[in-house]
Amino acid sequence: MKKMPQFYEDLAEMANSIILLMSPTGVIQYINKYGSEFFGLERDALVGANIIGTIVPETDSSGRKLSRLMKDVCKDPDRHIRNVNENILKSGERVFISWTNKGLADNDGKIYQVLSVGNDITMEKQLEKELTAARDELEIRVKARTLELNQVYEELKSLIHRLAMAEEAQKKRISREIHDQIGQNLSTIGLNFNLLQSVMSEESIVSTKKIINDSIFLLKDTTAKVRNILAELRLPVLDDYGLLAALRWYSHQFTEKTGIQLVVRGNDPHPRPEAHIESTLFLIAREALTNVARHARATVVEIDVHLKDNILFLAVMDNGIGYKRSKSRRKAGQDGMGLLSMSERSTLIGGSCKITSHPGKGTHILVEVPL
Ligand SMILES: Nc1ncnc2c1ncn2[C@@H]1O[C@H](COP(=O)(O)OP(=O)(O)OP(=O)(O)O)[C@@H](O)[C@H]1O
Ligand SMILES: [Mg+2]
């Protein structure tokens, strides 16, 4: 072995890394002070010994054959400039060392010695292992949590569905009762007033005329109010003929009131969606139309209803002034309840609502509900 120049030997002795010189067959020719102390072995015991069986175990903890790896490193160090492998201390403790290797060649290019510098990275490896374990654990927990959340979401969806059905049934029952009981009574009272007028003498009619007229007026007003309440509770046309018919029926009132032309197009979905879906879609369309009347300055609105690939589409499109949608606008509270309620109602029936609007280009509301 060539003797190392003094300067380099001093440098190697002062280093806080393992510095090792070995033959191409793995026989240790030099190890610095730090190295021998690190492995807990006297330099005399190391120099002249092979790295395998002294500082490198035959196989590592995962079963990898280190003797083969070391042979490769010693034979062709330039192909193994960096490698991390398990090493062993005198106490038997396994450590991880990050090695840098360099082959020292003679004038013919033949490698006569291998120079290796190693640093202990056991702590980093341990941390890495713990980090991986923690990440795996976290992933498992996230998966479990996601599963739980999905279950809760499904339960919630089914609850909302049952609630909506119950609400529909309740509305139906209340409107039937109002119709059958109060409606009947109101008609009877009306008939009674007419009868009263026909049997009363001229004089008594004169003296009670104002009271009777006031009562008849109140009666008509009450009847109209009851009809409005009934219409809010249940639309008979929606019940009997479905969404498109109800929208067409509403379109007449809308055009009459606003002067805006309303075109209702599409096909009735078959089979008919559940009652709460139909009434929710009707309410969304009505909300959108209220916005058109209030803000759009439109001349024409189109409503389109159709079923495609089991998805029910409801579109409300106007040719009005449109508006600029922005977060700041929403934050500033410029968006009212209408747009929000359309989105929320869509979600409650398991669908979604997309609102597109550009100044000067009208507003387009698209609700999609998987059936
Ligand atoms: N079809 C439309 N054309 C033009 N602007 C619209 C249209 N729809 C909504 N907007 C704009 O979006 C804003 C928010 O609408 P949204 O329905 O949420 O609230 P609103 O109609 O102002 O009040 P609310 O509906 O709560 O009574 C409106 O104030 C209006 O500026
Ligand atoms: Mg509105």
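## Cores, domains and helices

In the largest nonpolar core, which has 32 residues, the members that touch the most others are A285, A288, V301, I303 and V316. Two or more residues are given to this core by each of α8, β6, α9, β7, β8 and β10, and the largest share, 8 residues, comes from α9. When neighbours within four places in sequence are left aside, A288 is in contact with V316, M342 and I365. In soluble globular proteins, nonpolar side chains tend to be buried together.

It should be kept in mind that this is a predicted model. The chain is divided into the domains listed here.

| Domain | Residues |
|---|---|
| domain 1 | residues 6–120 |
| domain 2 | residues 128–232 |
| domain 3 | residues 237–370 |

Between the C-alpha centres of domain 1 and domain 2 the distance is 85 Å.

Helix α5, which covers residues 122–199, has an axis that comes within 9 Å of the axis of α9, and the two cross at roughly 80°. Because angles of 65 to 115 degrees count as roughly perpendicular, α5 and α9 are therefore roughly perpendicular to each other. Their contact is made by A164, M165, E167 and E168 on the α5 side and by A275, H276 and S279 on the α9 side.

Helix α11 has 12 residues, 337–348, and at 1.5 Å a residue should span 16 Å, which agrees with its end C-alpha atoms being 16 Å apart. After α11 comes G350, whose phi is positive, near 80°.

Notes:
Residues are numbered from 1 along each chain as its sequence is written. Chains are lettered from A and ligands numbered from 1 in the order in which they are written. This is a predicted model: local features need pLDDT of at least 70, side-chain atom pairs count only at pLDDT 80 or more; totals for chains, interfaces and linings use all residues. A nonpolar core is a set of buried Ala, Val, Leu, Ile, Met, Phe, Trp, Tyr and Cys residues joined through C-beta atoms within 7 Å. A residue is buried if 20 or more other C-beta atoms lie within 10 Å of its own, exposed if 12 or fewer, and partly exposed in between; C-beta atoms are placed from the backbone. Helices (H or I, at least four residues) and strands (E, at least two) are DSSP runs, numbered from the N terminus. Two residues are in contact if their C-beta atoms, placed from the backbone, lie within 7 Å. The expected span of a helix is 1.5 Å times one less than its number of residues. Domain bounds come from an automatic or database domain assignment. Axes are lines fitted to C-alpha atoms, for helices over the stretch in contact, and angles run from 0 to 180 degrees between N-to-C directions. Angles under 35 degrees count as roughly parallel, over 145 as roughly antiparallel, 65 to 115 as roughly perpendicular and the rest as oblique.
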